[in-house]
Amino acid sequence: MSALGRVVRSGVGRRRVQTLVVALATLMAVASAVVAGSLMVASSAPFDHAFARQHGPHLIAQVDGAKASTGQLAATGHVPGVTASAGPYDTAVINAQDPNGMRMPELTVAGRATPGGALDDLTLDSGRWAAKPGEIVLPTGFPPEIFPLGSSLRIQGGPVLTVVGRAQSVSESADAWVTPGQISALRVAGAPVTVEMFYRFASAGTKARLTADRATLAAALPPGALLGTRSYLDTKLSADGESAPFVPFLMAFGVLGLVMSVIIVSSVVSGAVGASLRRIGILKAVGFTPGQVVRAYVAQALVPAGVGVVLGVVLGNLLALPLLSDAEQVYGSAGLSVAWWVDLAVPAVALGVVVIAALVPALRAGRLRTVEAIAIGRAPSTGRGQWAHRAVGRLPLPRAVTLGLASPFARPVRTAAMLAAVVFGTAAATFAVGLASSLNAVAAAQHPDAATPVIVLAGGLGPPAPGGPPPRISAADGARIRSAIQAQPGTESYYGTAFTQVTVPGLTGSIQAQLYQGDSRPGAYEMIAGHWFTGAGQAVVPTHFLDVTGTRVGDSVTVVDQGVSVRLRIVGEAFDPGADGMRLHTDVSSFASVKEGIPVDAYNVVLKPGVSAVDYIEKVNAVLRPLGAQAVPNQDSGGSLLVVLEAMAALLTLMLVAVAGLGVLNSVMLDTRERVHDLGVCKAIGMSPRQTVTMVLASVVGVGVAGGIIGVPVGVALHDYILPVMGHAAGTRLTPRIVSVYHALELVLLGLGGVAIAVLGATLPAGWAAKARTAAALRTE
Amino acid sequence: MGNLIALDRTTKGYGAGAPALGPLTFTVEPGEALAVTGPSGSGKSTLLNLVAGLDKPTAGTVTVDGLRIDQLGEHALARFRRERIGMVFQFFNLLDDLTVADNILLPAQLAGMPRAKAAARTSELMETLGIEDHAGAYPGRLSGGERQRVAVARALVNRPALLLADEPTGALDTTSGRDVRELLIDLHRGGQTIVLVTHDLALAEACASRTVHLVDGHVAFDQTAEVAR
Ligand SMILES: Nc1ncnc2c1ncn2[C@@H]1O[C@H](COP(=O)(O)OP(=O)(O)OP(=O)(O)O)[C@@H](O)[C@H]1O
Ligand SMILES: [Mg+2]
């Protein structure tokens, strides 16, 4: 082994705690960065690739064909900022029936002669393109067992079409395609003549840019011609799926971890340099060059950091697996794994950071003059802590305590490093506690009907008659069920619900509308802005709906159900990320004009206080069964993603807190080792073991308190910053109940956590200090 | 009360081989000033550490002021040290971050002496030892002789039964050394029991009422000076 190798090995071996601390800090940082990075790649890669391959448009515009001529549409391709355009393609909204005669969600059909094009270059996955009227190409995701190639699709009030192929538009420009000549036959009488145009722009990176682009387009068209637009960012958002909200959260932990490793590594290496100035002097005296000294000290950090990085990559990959498998389900693309370059880039960056953090103190060691190094070897520089001793010595506290309290000021740099470790540990714990509360609030907000322990199912219980529509609840049956619930002792209140699929002019595909009958306030979603609807004609929508439709609370929207337009005024923005963040809530009477009315098929029941749900269900079912209805307990299925997220937050926090504790341990240990002689003197003049422990612990309490006072607000600020970003990634704004989760008492306890981290980290060295043999310590003179 | 220090077949060894000290048996009476002399490595410091309770004998007993200190636990030893003995070292061992007054006060504070009483005792000692002008100064700025007087003051603040000094003049020039010698003589005249380790025979002769000479851990001679106090 070379001389350098020996020095490094003995350095690593002698400083076991420091070695462990560096390894753990890098492990933690690398693991969370790998998870964050791989998830970010995995969640956006499939969409990004497909979007690039198909030359996806930045904006899909739905235009009223009656208001804009083909010439005017073609001219929009030359509007400044537009780099490419395609279209116009005629579109129609169809109501198809499945082979059982069940009504299916509305489909937007576009007329296209070929799958290819300058933009939205479709991928034909099977079969062939529609060549003549009477043929239709369905999307790849459509269940093939119901509609195999060659099967027929019946359109309500229209022709029967033969399925000839399957294609996919990553931009979701349409749900199905026919020949251009077929469209007019599919349009419901009275429906607007819509055409779609595709555009790419010179600048389209952000929502704000796209809004500006959209405004340019609207101005280039006749007034009112632009019915709606869909941006690729919205499409990407729903494609990136459930894992997108994880990314900012993991990034936060990754950054915390990285900053933590920088603090730990630089403090450990500068501590090692500071504590072995004499050794450095001797190394130089026996002929080490400055370069060799620098390398020796950088290597002492790199060896454990290397181990931490390798283990961190392994742990990161393991942690990423459950999240990636979730992402797989979203894309249906099997075998998503951590991108190989993430596994290379993260360790490379981490090692680079370690080298730089270690280099600064190592260079100091390299520059140190030999004589100086040997001369100043052990003597602690005097003077810096004197004023602190003067100030603290006056406090009416036991002397051992005041001696300890003053000691951090003698070593300001080391104290700062210790403080940083405690601040980060406390901030991480605060962040994680807040995150857990927020996630619980999210889970609660997603199931506002949790206040209704019983649900009465009123329809769709019997099998559908072959070939015919499913059985419907008659209005008379509905009234009988309602009076049965009303009459049942134990019923506090109840409201009915129904679901229907509606289209919004300008949007592709259909969205879900949830309709309420009666007093729906017990089941109301938490509001972000505005209020829950109070009557017919009012609607409450989630954030994403507002974003996609470009509307605001107070605006009106028109939705179409079975060809009937219903105009609704948006009175509130609710937190409802379910149903792709596009679910609309309104009173059932808003849809009274729809042909047959929409049947209320479920009732949520609020029970009187003290009434057991089980008893209630048993009793009410005796009355309901003859009516074809049934009461069941309302159980919501907890989100497994929330569980994963909470477990991961707990794990990452534990690691951060442990590393923070080890950082304190490291600092206090260096300090104790350096002051072993002073400790010997104190013991020789009668300091008891208990007083020694008290003194060492008191030396960190100040740091702990300061760390708590700084760390808690940092954690709260981080939480309050990250949460809306997570919400944004999930396409929703958040309610105050989700964001403002901290209680005063909780904050005080978390602040005390800083003290706990500091005291725990110092306990071990304090014990060593108390046990250190006095005679031996005094001999070191 | 009898002996202040009683060693009975006291032995201290480090690892295998012949012990570094003893077995030794001798006693020290209250009011004696004992000088322990001998060549380097003869076991003088080892002996002092045993008497101070900083180290434990490998065999035999150490009794100081009626206490079997070889049997005491760490806590009791700390109490013993701060109440019954004071130590002075060759290299002063003052705490550089504390002022002269705070250094002297420290053992009194550790012992829980009331603040006013400790402060009075400190100024009294500083006056006696001629360092009252340096009360607010830091040890780093004092001369060696002054520092050693501060160390002596610190050793005496709790009125110990026994003052232990290991080469108190070893790091001082002739003049400062003479100062410290006068101080020790004065203390001895005042009735303070002193155990003084030195290989300065002149110092031993000047201020000790008795000299024990160690060679290889054994007493080579034990001589009581004719010069009475
Ligand atoms: N902690 C220890 N471990 C091993 N050996 C020790 C230890 N302390 C002292 N010794 C040995 O015990 C012997 C006596 O040492 P001691 O320090 O008592 O000598 P001394 O008479 O005080 O010498 P000096 O005049 O140089 O101070 C020496 O041989 C020394 O090497
Ligand atoms: Mg000695």
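A residue counts as buried when its relative accessible area is under 20%, as exposed when it is over 50%, and as partly exposed in between (1.4 Å probe, protein chains only). This is a predicted model, in which local features need pLDDT of at least 70, side-chain atom pairs count only at pLDDT 80 or more, and totals for chains, interfaces and linings use all residues. Residues are numbered from 1 along each chain as its sequence is written, chains are lettered from A and ligands numbered from 1 in the order in which they are written, and side-chain values use heavy atoms, without hydrogens and water.

Let's start with a helix. Helices (H or I, at least four residues) and strands (E, at least two) are DSSP runs, numbered from the N terminus. Because 11 of its 13 residues are buried, α5(B) is largely enclosed by the rest of the structure. Among the buried ones are B:Gly145, B:Arg149 and B:Leu156. The cover over them includes these elements, with contact meaning heavy atoms within 4.5 Å:

| Element | Chain | Residues |
|---|---|---|
| α19 | A | 676-684 |
| α3 | B | 100-110 |
| α4 | B | 115-128 |
| α6 | B | 174-189 |

Now for the sheet. Chain B has an open sheet of 6 strands in the order β6-β7-β8-β3-β9-β10, with mixed pairing; two strands pair if DSSP finds at least two bridges between them. At the edges lie β6 and β10 of chain B, each pairing on one side only. Strands β3 (residues 33-37) and β8 (residues 193-197) of chain B run parallel, joined over 4 bridges. One of these bridges links B:Ala33 with B:Ile194.
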